[in-house]
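Here is a walk through one model, taken a few spots at a time. Keep the viewer open and follow along.

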Amino acid sequence: MLKKALRQHLQQTCQEQDLRQWYDPLAITLSTNDKRLEVQFPHSFFAQWFSATAQVTFESRLREFLGDGYVLRYSSGNGNPLQAAPAPKAARQLDYPFGARFTFDTFLSNRKNQFPVASAKEVARDGRDPRDRAYNPFVVCGGNGNGKTHLLRAIANELSRSRDENAIFCGSVDELGTRFEGLSATGVGAAQERQQARSRLCAHEVLVVDDLQRLRDQPFLQDELTFAFDHFHDNGKQMVFACTGKLADLDFLPPKLRSRLEWGLIVELREPDLDVRLKFIQQQSRSRNIRLSKEHALTLAQRFREFRHLQGILVKVGAYRQLINRDIQDRELEQILRHTDNGTGNSLTPDAIIAATAEQFGIPARDVVGDKRQQHIVQARQVAMFLCRELLGSSFPALGRVFGGKDHSTAMYAVRKIKQLQQSDKDMQLLVTDLKRKCLTRAE
């Protein structure tokens, strides 16, 4: 039954002839107790062919089908784990530790971004030997909303397939800064704490840092990043960076750090073309269960040129459709776009959502972003985090900062919990729906 159901899922994106070649010969066994999936090949030669031909597609669709937390184990026809280098790794975690939507499969591009994407895939190739790392550091530049963060996290997700996720630091300059907060003081104690923070960062095998332009606002991090760069470079460990604009425009960087960043390969992600933006809209609409007509999709693709803007408007469209419980009409889409285009669409802010939530729960807004642990206050805080995520598309680190400097894992837990509660608790579902309506109405 499992193999048949999985095959039906694969048929949505794979050709029947391909499935007959690489899927039908597999023997598949699922153990739900320890969340382990066993995939057995008929022989080792098939395993090597599968690795080169179908493994990436198979594992990507398998993650969609099973969800998080599963371990995938490959074996040959005799039941022994695979050891041959060209064959798939014997056992691997199926999770995407740096975001399930950030993969090379889901990164949309055309020929004008062919070189940056191909280079990123080469960086993500599992080359443990430092001599295999021709692009180190690898620096991705480009305008806002062109896909830099997606590409960086796709590299990190791919590298996590062959190493523990804790061996990879993947985050923005702001997230890196949290590791060195409060260490700008002088004295013996401060020096020891700084050294410990440096040691913890340098213990990683891979360094992936986004938003280098934010170093302008955190000058103390420039020296720390230079120190980390020297350690990673001297030890042959991979580094990946991204910045908005061109690296040459970051004139505030100290010459020592700038010259080091120029040692590797610098690529530029170009603005997505109309056809790529249309594919992005279709992809996001499917994942959010939004049915858009071709005319509506074309309208969005023509009016918004950045992925980030498109994602934000689709969040609003999805929320609006959920409230009215039907497909959006031309007049309603134009109303949403009019508010967005003339700037009033940005009137919905985290502060507005926090205020609406505090009012609903009958507590001060400062308690929503504070540290009080009373049950009703904690739930209000979790609901507000969920709404910021749903209505504004806020990242988990950004949520943590808005809600009193909390860790991003706290925001992740809050969003996940409210999402689950809505499935089992009708009152919570009604509460969230009502708050969404209030927030969107105030934004208009």
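Lys-237 lies over the face of Phe-232, at 4.6 Å from the ring centre. A charge counts as sitting over a ring if NZ of Lys or CZ of Arg is within 6 Å of the ring centre and within 35 degrees of the ring normal. Lys-3 does likewise with Tyr-23: its charged end sits over that ring, 5.5 Å from the centre.

Before going on, a word on the source. This is a predicted model, where local features need pLDDT of at least 70 and side-chain atom pairs count only at pLDDT 80 or more, while totals for chains, interfaces and linings use all residues. Residues are numbered from 1 along each chain as its sequence is written, and side-chain values use heavy atoms, with hydrogens and water left out.

**The overall picture**

The protein chain has 20 helices and nine strands; these are DSSP runs numbered from the N terminus, with helices being H or I of at least four residues and strands E of at least two. Of its 444 residues, 47% count as buried. Buried here means under 20% relative accessible area, exposed means over 50%, and partly exposed is in between (1.4 Å probe, protein chains only). Among contacts in the chain with a separation of 6 or more, 69% come from residues 24 or more positions apart; contact means heavy atoms within 4.5 Å.

**Aromatic rings**

Tyr-23 turns up again in an aromatic cluster, together with Trp-22, Phe-41, Phe-46, Trp-49, Phe-50, Phe-58 and Tyr-74. The structure holds 12 aromatic pairs. Rings of Phe, Tyr and Trp (its six-membered ring) pair if their centres lie within 6.5 Å, and planes under 30 degrees apart count as stacked, over 60 as edge-to-face and the rest as tilted. How are the planes of Trp-22 and Phe-58 arranged? They are at 75°, with the ring centres 6.1 Å apart, so this pair is edge-to-face. Trp-22 belongs to helix H2 (residues 16-22) and Phe-58 to helix H4 (residues 55-66), so the pair ties together parts that are 36 residues apart in sequence. Both of these residues are buried.

**Around Val-209 and Leu-152**

Val-209 sits in strand S7 and is buried, at 0% relative accessibility. Which residues does Val-209 contact, leaving aside neighbours within four places in sequence? They are Leu-152, Phe-169, Gly-171, Ser-172, Val-173, Val-240, Phe-241 and Ala-242. Leu-152 comes from helix H6 (residues 148-159) and is buried too, with a relative accessible area of 2%. Not counting residues up to four places away, Leu-152 touches Val-140, Val-208, Val-209, Asp-210, Val-240, Phe-241 and Ala-242.

Over in helix H5 (residues 114-124) there is Val-117, buried with a relative accessible area of 10%. Asp-223, in helix H9, is exposed, with a relative accessible area of 53%.

Here are some C-alpha to C-alpha distances for these residues.

| Residue pair | Separation in sequence | C-alpha distance |
|---|---|---|
| Val-209 and Phe-241 | 32 residues | 4.9 Å |
| Val-117 and Leu-269 | 152 residues | 8.6 Å |
| Leu-152 and Phe-98 | 54 residues | 9.7 Å |
| Asp-223 and Leu-253 | 30 residues | 9.8 Å |

Asn-136 and Pro-137 are joined by a cis peptide bond, with omega about 5°. Pro-137 is in the loop between H5 and strand S5 (138-142). Asp-211 is not a glycine, yet has a positive phi of about 60°. This Asp-211 lies in the loop between strand S7 (206-210) and helix H9 (220-234), and at 24% relative accessibility it counts as partly exposed.

**Two helices crossing**

Last stop: the axes of helix H15 (residues 350-361) and helix H17 (residues 375-392) come within 9 Å and cross at roughly 145°. Axes are lines fitted to C-alpha atoms, for helices over the stretch in contact, and angles run from 0 to 180 degrees between N-to-C directions. On the H15 side, the contact is made by Pro-350, Ile-353, Thr-357 and Phe-361, while the H17 side includes His-376, Gln-379, Val-383 and Leu-387. The residues of this contact divide into 10 nonpolar, three polar and no charged. Ala, Val, Leu, Ile, Met, Phe, Trp, Tyr, Cys and Pro count as nonpolar, Asp, Glu, Lys and Arg as charged, and the others, Gly among them, as polar.
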